[in-house]
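This briefing looks at how pairs of helices pack against each other. Two packed helices are described by the angle between their axes and the distance between the axes.

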Amino acid sequence: MFGVPSYAAVQAKVRARRSRLLTPSDWRRLFDATTFDRALDVLALTPHHADADDPDHAERALRQRLHRETIELADDVPHRAGDLLRWFASRSVVHDLKLLLRTLHHGSPILETLDATTLDPSDDARVRAWRAARSVPELIDAVGDTLYGRALRSAFERYQREDRPFYLEVALDLTFGRGLVTRIEALGGGDRADAERLLGRWLARVNLLTAARYRMLAGVRPEQVVAFTLHRDFGGGLGAMQRIAAGAPLAEEAAQLDVDVPLDLRGERAIRTFEREADGVWRNDADARFGRTPFGLGLPLAYLIELEAEVQDLVTLLEGKRRHVTTDALRAHLPRGREVTA
């Protein structure tokens, strides 16, 4: 009962923010916009997306909104719930560091990569040093003595030996996943149940998808598939990873996580289907959470998942408009496109 007063203010804030998500009418206008610039004009008419009307930085502004709202809500909930939300927001750190690591390793133009990152120094004071790094060792030094920094230093020797940034990226992913598991397990009561359903099951699906992808990568042996994935994930865990590494059909493990993949699908087709269906399950779980008790961590989590879905779909739509993908093709590609047509 002590958590109820703590969530009274945040649940009102969440419901107000949810009411500002794009409506089906907004989405129809976005799909019907004939050019990228016209889509931005439509977006600019919605006040909560006014900062996404810069044609060169629209997608970045959308990702920044998701990150910043997650941090803001973390400040409004009890301590352990806030710690979980801040860690969940650190996916932006993982995303940006991966981009920078690849760029620096391959010697690609750094300015293009900086435009594709999410964070800037106003989000995290360390970002300025990350953006100034011009080699992989410099970047790792700039990350500093953090969980992510220690993970990168631990993987650095193997990276040097095999000249593959893959090992650094795996270290970041495993650190994020283990940190999320630890923070979910630190919760109790309804918050723990909500976190397991909305984040723990999502993490298990991500872990399973990662194992299936690793299995298809040249040079990744079955024992490495197991070593490079989480062994505790609120799903099948180690057993599921071992079965996938040994060649078990993805569909069998997916079913245990409420994801429907036809048994006759294999390889890349099965992976794409799993990814699409898993995303739908996550969105449905978030929507269903709004029909239950208004108090607890579940409500802000559900809102953030819905906001992330909106951001993902907007980024995909805008990229499609930028590349002159037809409206019909975009509607067919995005489930939201089919929904607003119906």
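The axes of helix 12 (residues 189–216) and helix 14 (residues 237–245) come within 9 Å and cross at roughly 25°. This is a predicted model, in which local features need pLDDT of at least 70 and side-chain atom pairs pLDDT 80 or more, while totals for chains, interfaces and linings use all residues. Residues are numbered from 1 along each chain as its sequence is written, and side-chain values use heavy atoms, without hydrogens and water.

**Terms for helices and axes**
- Helices are DSSP runs (H or I, at least four residues), numbered from the N terminus.
- Axes are lines fitted to C-alpha atoms over the stretch in contact, and angles run from 0 to 180 degrees between N-to-C directions.

**Helix 12 and helix 14**
- Helix 12 and helix 14 are therefore roughly parallel to each other (angles under 35 degrees).
- Helix 12 passes helix 14 in a right-handed crossing (the near helix is turned clockwise from the far one by less than a right angle).
- In contact (heavy atoms within 4.5 Å) are residues including Leu208 and Arg215 of helix 12 and Met241 of helix 14.

**Helix 10 and helix 11**
- Helix 10 (residues 147–162) and helix 11 (residues 166–185) pack at about 150°, with axes 8 Å apart.
- Helix 10 and helix 11 are therefore roughly antiparallel to each other (angles over 145 degrees).
- The crossing of helix 10 with helix 11 is right-handed.
- Among the residues making this contact are Tyr148, Phe156 and Glu162 of helix 10 and Tyr167, Phe176 and Arg183 of helix 11.

Technical notes: Helix = DSSP H or I, 4+ residues; strand = E, 2+ residues; numbered from the N terminus. Parallel < 35°, antiparallel > 145°, perpendicular 65-115°, else oblique.
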